[in-house]
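Hello,

Here is the structure you are taking over. My notes on what turned up in it follow below.

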2 protein chains.
Amino acid sequence: MTEDRRTLIARNSLLLKSFSEQQTDMLLSMSHWHTYQRNQTLFQQDEKARSIHVVVDGWVKLYRITPNGGEAIVSVFTKGQSFGEAVALRGTPYPVSAEAVTDSEVLQIPAAAVTEMVRRDPEAGVTMLAATFSHLHALVAQLEQLKAQTGAQRVAEFLLELSERDEGSCLVTLPYDKVVIAGRLGIKPESLSRAFSKLKEFGVKVSRNNAAIDDIQRLRDFSESDPAAFWNKRS
Amino acid sequence: MTEDRRTLIARNSLLLKSFSEQQTDMLLSMSHWHTYQRNQTLFQQDEKARSIHVVVDGWVKLYRITPNGGEAIVSVFTKGQSFGEAVALRGTPYPVSAEAVTDSEVLQIPAAAVTEMVRRDPEAGVTMLAATFSHLHALVAQLEQLKAQTGAQRVAEFLLELSERDEGSCLVTLPYDKVVIAGRLGIKPESLSRAFSKLKEFGVKVSRNNAAIDDIQRLRDFSESDPAAFWNKRS
DNA sequence: CGCTTGGCTTGACTATTGTCATGTAACCGC
DNA sequence: GCGGTTACATGACAATAGTCAAGCCAAGCG
């Protein structure tokens, strides 16, 4: 990827596009690029935060290692998304670890550059807050999903998020390994397989890393239905 | 509760105690107190945020109504804790609804007072960010729990959080309805009952709203064990 | 080619949780 | 105390998800 193209994507990222051009230039000049290969680690939980990370290409997962050794995926970010704003501003340790799940390009803005900028322009702090808040919001949505939906429903919603259109039929590409998808959705890979099978009856066909959705609305109906009510209707 | 006592608690809340005395005075003078009865609503999701809320007494739950009509409890706050900082600063709608689960006293700081203060003292913005970040962190921890632990383990951890000591035996009082506890932990009330039964074998006895823990360390071991490994050992 | 490897699927079985129905004990107003 | 309500517990059963083991299949390689 060329320098220009990278920079263009970075400038249009959710975080940077809300800053002035001057500010962005300043930040970019102090930042550095980094490419990661699949499975390479960006940082570990409890490590002191040195930068904000802006994903420019590929996919990066944030996860936690649980006391008993398992891994819980907290979120997966892609092109245009950023993470670590809050920790960088406050200088606290990362609460999660980060790892590339595909080959990825990441822009890293040093924490010092960020704090410096906020000191000069407090308004920029509110922008950071906005980014943090949107992460908070995403986590709330995820909690809701985990507590109120079955595995198959979460898979359905995952597909719907990937699909661009909002009615009719559609073809989506699964962007990373099924092991990672399963983790992100809080189920085991085997259950993901079975969820895909179950979704066949709602017009979803999966082969390799491609999924075809016959009728987006039908899938949405399923993902939002009360599982209990659903099974009553059919039995 | 007397005005003085309330104010004292409010001043010592996580949010306010990080502001200067002057700033706190200013905020307090613009805020108002509100008492809520059990089951009374503070605000609804999608409503425009008017204030930051500081719980001074009682317990308040934040929850979301899911598309299919269920409710997913996101968090439960008590004395000294605050919520809504990010929305108040940004003026976005609440992403959750709030309801008192016991009779409660709440200090409400108008959003305008907050933005005004941050404008005058940008450093205060960082304090807000800190509060928001700690909520973010709590949500991450909750996600991890939901994804990596069984119901019984989450119940165990809930008891451990309530217990003040960190070894030996201990007696804790369940602070609110079991329906709410179950919701907070992402299980049904019936499963909570059964989880309590299962915890008997780890020295936990529950009667009415009191729980006795024989050995805190033993309970912690259980809550952190790999459920699969555990069952292998015993079969 | 055929072998190997990794990623995925399947099947059989178990564990966990939800659902529904029913029982029970405490609490409240009278 | 009596009736009624509320909160909680329990049992039987169904659904959902995890575990373990085996198999499939395409990609890569000698």
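Chain A and chain B bury about 3,600 Å² between them, with 76% of that on carbon and sulfur atoms. Please bear in mind that this is a predicted model. On the chain A side, A:Leu129, A:Phe133 and A:Lys147 lose the most area to chain B, and together they make up 19% of what that side buries. The contact takes in 36 residues of chain A and 36 residues of chain B.

Polar contacts between chain A and chain B come to 12 residue pairs. The elements of chain A that give two or more residues to the side touching chain B are strand S5 (71-78), helix H3 (85-90), helix H5 (122-148) and helix H7 (178-185). H5(A) supplies the largest share of that side, 16 residues. By residue class, the side of chain A that touches chain B has 19 nonpolar, 10 polar and seven charged residues.

Salt bridges

The count over all chains is 20 salt bridges, and two of them cross the interface of chain A and chain B. In one salt bridge, B:Glu144 meets A:Arg64 at 2.1 Å, N to O. This pair crosses between chains, from helix H5 (residues 122-148) of chain B to strand S4 (residues 59-65) of chain A. Both B:Glu144 and A:Arg64 are buried.

Within chain B, B:Glu99 and B:Lys61 form a salt bridge at 4.0 Å, N to O. They are 38 residues apart, B:Glu99 in strand S7 (residues 97-100) and B:Lys61 in strand S4 (residues 59-65). B:Glu99 counts as buried because its relative accessibility is 13%, and B:Lys61 is buried as well, at 6%. In chain A, a network of salt bridges links A:Lys61, A:Glu71 and A:Glu99.

B:Arg120 and B:Glu116 also form a salt bridge, with the closest N and O atoms 3.1 Å apart. Both lie in helix H4 (residues 111-120) of chain B, four residues apart, about one turn of the helix. B:Arg120 is exposed, at 61% relative accessibility, whereas B:Glu116 is partly exposed, at 32%.

The largest nonpolar core has 47 residues, and A:Leu107, A:Ile109 and B:Ile109 have the most contacts inside it. Apart from that core lies another of 46 residues, including A:Val96, A:Ala100, B:Val87 and B:Leu146.

B:Gln45 sits in the loop between strand S2 (41-43) and strand S3 (51-57) of chain B. The B:Gln45 side chain reaches the backbone nitrogen of B:Ile65 at 3.2 Å. Beyond its sequence neighbours up to four places away, B:Gln45 touches several residues, among them B:Tyr63, B:Tyr94 and B:Pro95.

Regards

Terms used
Residues are numbered from 1 along each chain as its sequence is written. Chains are lettered from A and ligands numbered from 1 in the order in which they are written. This is a predicted model: local features need pLDDT of at least 70, side-chain atom pairs count only at pLDDT 80 or more; totals for chains, interfaces and linings use all residues. Side-chain values use heavy atoms; hydrogens and water are left out. A nonpolar core is a set of buried Ala, Val, Leu, Ile, Met, Phe, Trp, Tyr and Cys residues joined through side-chain atoms within 4.5 Å. Buried means under 20% relative accessible area, exposed over 50%, partly exposed in between (1.4 Å probe, protein chains only). A polar contact is a pair of N or O atoms within 3.5 Å; within protein, one must be able to donate a hydrogen and the other to accept it, and residues adjacent in sequence count only if both atoms are side-chain atoms. Contact means heavy atoms within 4.5 Å. Buried area is the accessible area (1.4 Å probe) that two parts lose on being put together, summed over both. A salt bridge is a side-chain nitrogen of Lys or Arg within 4 Å of a carboxyl oxygen of Asp or Glu. Ala, Val, Leu, Ile, Met, Phe, Trp, Tyr, Cys and Pro count as nonpolar, Asp, Glu, Lys and Arg as charged, and the others, Gly among them, as polar.
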